[in-house]
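Colleague: I would like to go through how to read a model like this one. Could we take it one feature at a time?

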Amino acid sequence: MKFSIILPALLASLGLAAQAADKLPVVASFSILGDLVQQVGGDKVAVRSLVGPDGDAHVYQPSPQDGKILVGARLLVVNGIGYEGWMDRLIRASQYKAARLVASDKITAQKMGGDPAARGKLDPHAWQDPARVRQYVSNIAASLVSADPANADYYRQRADNYNNELFALEKWAAEQVAGIAPAKRRVITSHDAFGYLGRRFGIQFLAPQGMNTEAEASAREVGKLIRQAKQQGIKAVFVENISNPKLLEQISRETGGRINQGKLFSDALSGPDGPAASYLAMMRHNIGTLVAGMKQN
Ligand SMILES: [Zn+2]
């Protein structure tokens, strides 16, 4: 009796293991990269993201479990530009020796503006620009091809198709923003994650917290931001999925602005049932939310 229950379960789990073994195991540092790898790799890859949905990779503390996941991978994909400060330690601790890709390889990184502590440093949030993400996708395809040459054509074709979707996204986003008068294209967010998006589509982002969520916003910086928001009539204030909304509640109170209903997804996707379960969904959600907020300025 017991046997008849256990055996099918055992066979099922062996079947799953055999299926997973056919796929190229890839680890991505965070959920947005994990989705890009999945889009290019399709059903030939098994992707794990170390920092999951709604997680904050700036302040992430890897666990021993992450080391085990990493050691089983044949390709590790990170963002680079100083984003994953904890990764080198994890690689050393787990003795990971297989292939590595810095997904932002060959892109031109922008410098941070705004926050004096970060000024002049390179901005890691390059995934907020779909044009740069096309380079990420090409880099991912090249790494998948070299890790799994038997499926080279498959990866290249999927990368081409996905990059066409990125072109369509970029065109759509530019059209949406074009409907807002340039003087109204000003937004307050909690941490300075949208520099690339702003530069690409002509939106000015102001953030009290700077590039890294680890740094506290200074009272002086917050005061400056509030004065600027009042002067320029900025009412579009947005919280992010990875940040504490408290500071923004204070800012919106003092400026007479109001926190918008929709939150922005800056450094992580939402869970599978949320509005930003993939990179493309995240970008469409963010642009739609920003445009609705800027109309109130
Ligand atoms: Zn960030």
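Modeller: Start with burial: a residue is buried under 20% relative accessible area, exposed over 50%, and partly exposed in between (1.4 Å probe, protein chains only). Helices (H or I, at least four residues) and strands (E, at least two) are DSSP runs, numbered from the N terminus. α10 is mostly covered, with 12 of its 16 residues buried; among them are Y279, L280, M283 and I287. This is a predicted model, where local features need pLDDT of at least 70 and side-chain atom pairs count only at pLDDT 80 or more, while totals for chains, interfaces and linings use all residues. Residues are numbered from 1 along each chain as its sequence is written, and side-chain values use heavy atoms, with hydrogens and water left out.

Colleague: Which residues coordinate the zinc ion?

Modeller: Donors are N, O and S atoms within 2.8 Å of the metal (3.2 Å for Na, K and Ca); water is not among the atoms, so sites may look incomplete. Here H58 (NE2), H125 (NE2), H191 (NE2) and D267 (OD) coordinate the zinc ion at 1.9 to 2.1 Å. H58 sits in the loop between β2 and α3, and D267 in the loop between β8 and α10, so the pair ties together parts 209 residues apart in sequence.

Colleague: Are H58 and D267 buried or exposed?

Modeller: H58 is buried at 9% relative accessible area, and D267 is buried at 0%.

Colleague: What arrangement do the four donor atoms make?

Modeller: Four donors count as tetrahedral if all angles lie between 85 and 135 degrees. Around this zinc ion the angles are 94 to 117°, which makes the arrangement tetrahedral.

Terms used. Four donors count as tetrahedral if all angles lie between 85 and 135 degrees; four count as square planar and six as octahedral if opposite donors are over 155 degrees apart and all others between 65 and 115; anything else is irregular.
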